[in-house]
Amino acid sequence: MALEKQRKFVRTLIAGGAAALLIHVGIVAAQAEDFVIEVPAGLPPVPFPADNPPTPEKIALGKQLYFDKRLSRDNTISCASCHDPGKGYSNADQFATGFKGQKGGRNSPTVINAAYNNFHFWDGRAGSLEEQALGPIANPIEMNLTLPEAVDRINKIPGYKSQFQKIFGSDATEENIARAIASYERTILCGDAPYDRFKAGDKKALSPEAQRGMGLFFGRAACSSCHSGPNFTDNAFHNIGVGMDADKPDEGRKTISNLGGDTGSFKTPTLRDIAKSGPYMHDGSMKTLKEVVEHYNKGGVPNEFLDEEIFKLNLTPQEVDDLVTFMKEGLTSSNYPEHKMPELPK
């Protein structure tokens with residue numbers, strides 16, 4: 001495929017998204033091309049495992065699998081059902097609805113910029129996107145399809161079988177299904193927001209209200225203590241007092257680490273395009289960003305495991321509104337990846 005045709009293919013693949021791919025053709029015959037994901041302004045290069053480099057064909061396959069409901073037992077649920085591009089790659093509900101109407105106890109985390117996460121799921125039980133991709137398929141209250149059944153089902157679809165042979169040199173396997181989905185998810189990128197343009201020198205990119213909110217965010221409100229770096233997350237776990245007044249609080253990270261100090265701690269989410277991915281917090285208990293800021297303003301819910309970064313902020317109502325304005329206005333991408341369902345193999 002000629003270079004310009006490759007570029008056109010990738011632009012079509014990521015239609016409506018901020019992510020694109022730049023393609024560099026190797027000069028050695030029979031050597032595979034190298035593909036680099038081009039990221040929006042404000043974000044670093046996308047990392048990927050050495051054994052799973054991105055290619056347009058692999059990303060296209062992963063996108064098909066992401067949207068394909070045939071990876072659920074009753075053909076009613078796909079990855080996109082709970083991580084919907086039209087809903088901030090979450091699903092706009094407190095808890096997602098899975099197999100036969102079942103609901104879990106945690107909100108669907110966004111897939112936006114998951115390429116940069118060190119851990120996945122609210123409790124960090126997966127260390128890579130490849131590992132994360134298989135979890136919902138096999139989960140009995142989500143897609144409820146065992147992984148051997150998923151592999152068998154995919155291999156019985158001629159269109160998928162031929163793609164796996166072409167891309168991986170074998171029929172579908174658990175590992176290669178995960179690699180394809182993860183490769184696609186690494187293209188779901190949000191950046192080039194007014195904040196990025198403001199930091200680059202465009203002082204008109206943010207309204208006065210958003211500028212005041214930015215000052216609070218990085219200053220007295222101490223939001224950047226946890227929501228730091230280009231992806232606005234420290235990739236760590238914190239007890240911020242959410243749900244700790246319940247009769248039986250969710251123990252969060254402790255269930256994975258077995259460390260008492262991790263009780264009630266959950267992964268810091270990205271704030272990129274945060275206005276699109278509500279409701280908020282691990283339990284989906286807050287419907288609006290104003291509720292979120294007011295939770296921090298009061299110092300969270302006191303408990304013995306509360307992070308030292310959580311304390312009463314004593315913000316005025318105007319300052320609360322300014323912080324919300326900064327997140328809504330300042331961190332909303334100019335070119336949001338509104339990906340659409342592709343044609344699925346038969």
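Helices (H or I, at least four residues) and strands (E, at least two) are DSSP runs, numbered from the N terminus. This is a predicted model, where local features need pLDDT of at least 70, side-chain atom pairs count only at pLDDT 80 or more, and totals for chains, interfaces and linings use all residues. Residues are numbered from 1 along each chain as its sequence is written, and side-chain values use heavy atoms, with hydrogens and water left out.

**Exercise 1.** Find where Cys223 and His227 sit, and work out whether each is buried, partly exposed or exposed.

*Solution.*
- Step 1: Go to the loop between α9 (208-217) and β3 (237-238), and you'll find Cys223 there. His227 is in the loop between α9 and β3 too.
- Step 2: Apply the cut-offs: buried is under 20% relative accessible area, exposed is over 50%, and partly exposed lies in between (1.4 Å probe, protein chains only).
- Step 3: Cys223 has a relative accessible area of 21%, so call it partly exposed. His227 comes in at 11%, so that one is buried.

**Exercise 2.** List what Cys223 touches, leaving aside neighbours within four places in sequence.

*Solution.*
- Step 1: Count a contact when heavy atoms are within 4.5 Å.
- Step 2: That gives Phe217 and Leu323 for Cys223.

**Exercise 3.** Find the salt bridge that joins the side chains of Asp250 and Arg106, and give its N to O distance.

*Solution.*
- Step 1: Look for a side-chain nitrogen of Lys or Arg within 4 Å of a carboxyl oxygen of Asp or Glu.
- Step 2: Asp250 and Arg106 pass, at 2.9 Å from N to O.
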